[in-house]
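Thanks for making the time this morning.

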Amino acid sequence: MTSKKLPDNLHLDTLAVRAAVDKSQYGENSEALYLTSSFVQPDAETAARRFAGEEEGYTYSRFTNPTVTSMEQRLAALEGTEACIGTSSGMAAIMLMCMGLLKAGDHVICSQSVFGSTIRLIAGEFGKFGVQSTFVSQTDVAQWQAAVQPNTRLLFAETPTNPLTDVCDIRALADVAHAAGALLAVDNCFCSPALQQPVKLGADLVIHSGTKYLDGQGRVIAGALCTTKKLIDEKFMPVMRSCGLTLSAFNAWVVLKGMETLSIRMKAQSDNALALATWLEAQPQVTRVYYPGLASHPQHALAMRQQSGLGGAVVSFDVRAGDPVLARKNAFHVIDSTLVCSITANLGDTKTTITHPASTSHGRITEAQRQAAGIGQGLIRVAVGLENIEDLKTDLARGLRGLDTLT
């Protein structure tokens, strides 16, 4: 069955439910799930052309599958990029990007505030193969500029960062990258394209962990890399085909359906997060709240410009304590006192999650790296879901009030 061609200039919410591959001969309204490892070819000559890349057509689900293509087309439409390539996880997307763009002797500039596994991957794993890296302040453009070397090929930022919600100036970093002949990649996991489209601000590549807000219900592991068709065809698809960083058709289908409600979820969860952050700022047991939607956030004005006027759904805060040992004890007490929040390091779920970053998401990096990123033992991260906000306040108040007896 031939689908009707979508008109140009559709709004994001429409693309989120309509962008996909053509319907099959059965005319399904919900996108089909193709659970198959291989695809039958009409004849040997066609098979030869398709495997050689001379003719379009599905051959093997390690690198071509129509369900995955639907997810890729939808996410590319939401991000405003020419193309997208799905991967088995968000970290696989970063690995694919680095493998496709970098070689021994190349140099990467990266924010020191990114996810701990990203730091380990770039500095540790790629460092073993001769890729050089410099980690700089997320928010100080002068540091990014000063770190540029003749062999700099890539700048990589995550905005807002995990877990301190530092916001970088995407357009300013794009200018630094392009003046150096390098590319700018932005991890857009925290905002999703519902709030922020980095390519419209000058970024060249957009990274996603589809595990987070794109799925939105904590069901699958998935990732994606959005950029130009030329980069995907020439740099990333050859690596995908050889290395198999493959997104499964089932996981792609789950993310595809999750994107249909992305905008309304992000709006509702951002509203909840702002209410919770505002409440946390008034609690005497809390010394600082990190949330871009608050006027007290150092990059509040920038965040509002880049993020469609919303702060996102992640709130972090420091609990009161006199030393790191007590800070960790107090943070654990608040977390363990919750009865509604889920104690898990994942985020992006409709269920509110709570975690201690220093011992979970950033537990594998060194103490020096944690200190450079500003992640202390008293820091708690809350990824706010869709529960009633009063129930979330009560859940956190239970542990916060108990700190008075601990200290």
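This is a predicted model: local features need pLDDT of at least 70, side-chain atom pairs count only at pLDDT 80 or more; totals for chains, interfaces and linings use all residues.

**Salt bridges and a helix pair**

As background, side chains of opposite charge can pair when their charged atoms come close.

Let me begin with aspartate 106 and arginine 153, which form a salt bridge whose closest N and O atoms are 3.7 Å apart. The pair links distant parts of the chain, since aspartate 106 lies in the loop between H4 and strand S2, whereas arginine 153 belongs to strand S4, 47 residues apart. Which of the classes, buried or exposed, does aspartate 106 fall into? Its relative accessibility is 4%, and aspartate 106 therefore counts as buried, while arginine 153, with a relative accessible area of 33%, is partly exposed.

Two further pairs sit within helices. In helix H8, glutamate 234 and lysine 230 are 4 residues apart, about one turn of the helix, and they form a salt bridge with the closest N and O atoms 2.9 Å apart; lysine 230 counts as exposed, because its relative accessibility is 55%. In helix H10, which covers residues 262-281, lysine 267 and aspartate 271 are likewise 4 residues apart, about one turn of the helix, and their salt bridge brings the closest N and O atoms to 2.7 Å. Both ends of that pair count as partly exposed, lysine 267 at 43% relative accessibility and aspartate 271 at 36%.

Beyond these pairs, there is also a network of salt bridges, and the residues linked in it are Glu31, Arg74, Lys257 and Glu260.

Now to the helix packing, and I will stay with H8. How do H4 and H8 pack? Helix H4, residues 90-101, and helix H8, residues 229-243, pack at an angle of about 115°, and their axes are 9 Å apart. Angles of 65 to 115 degrees count as roughly perpendicular, so H4 and H8 are described as roughly perpendicular to each other, and their crossing is right-handed.

As for the residues that meet, H4 contributes Leu96, Met97, Met99, Gly100 and Leu101, and H8 contributes Leu231, Lys235, Phe236, Val239, Met240 and Cys243. Sorted by class, this contact of H4 with H8 has 9 nonpolar, 1 polar and 1 charged residues.

Conventions: Residues are numbered from 1 along each chain as its sequence is written. Side-chain values use heavy atoms; hydrogens and water are left out. Axes are lines fitted to C-alpha atoms, for helices over the stretch in contact, and angles run from 0 to 180 degrees between N-to-C directions. Helices (H or I, at least four residues) and strands (E, at least two) are DSSP runs, numbered from the N terminus. Angles under 35 degrees count as roughly parallel, over 145 as roughly antiparallel, 65 to 115 as roughly perpendicular and the rest as oblique. A crossing is left-handed if the near helix is turned anticlockwise from the far one by less than a right angle, and right-handed if clockwise. Contact means heavy atoms within 4.5 Å. Ala, Val, Leu, Ile, Met, Phe, Trp, Tyr, Cys and Pro count as nonpolar, Asp, Glu, Lys and Arg as charged, and the others, Gly among them, as polar. A salt bridge is a side-chain nitrogen of Lys or Arg within 4 Å of a carboxyl oxygen of Asp or Glu. Buried means under 20% relative accessible area, exposed over 50%, partly exposed in between (1.4 Å probe, protein chains only).
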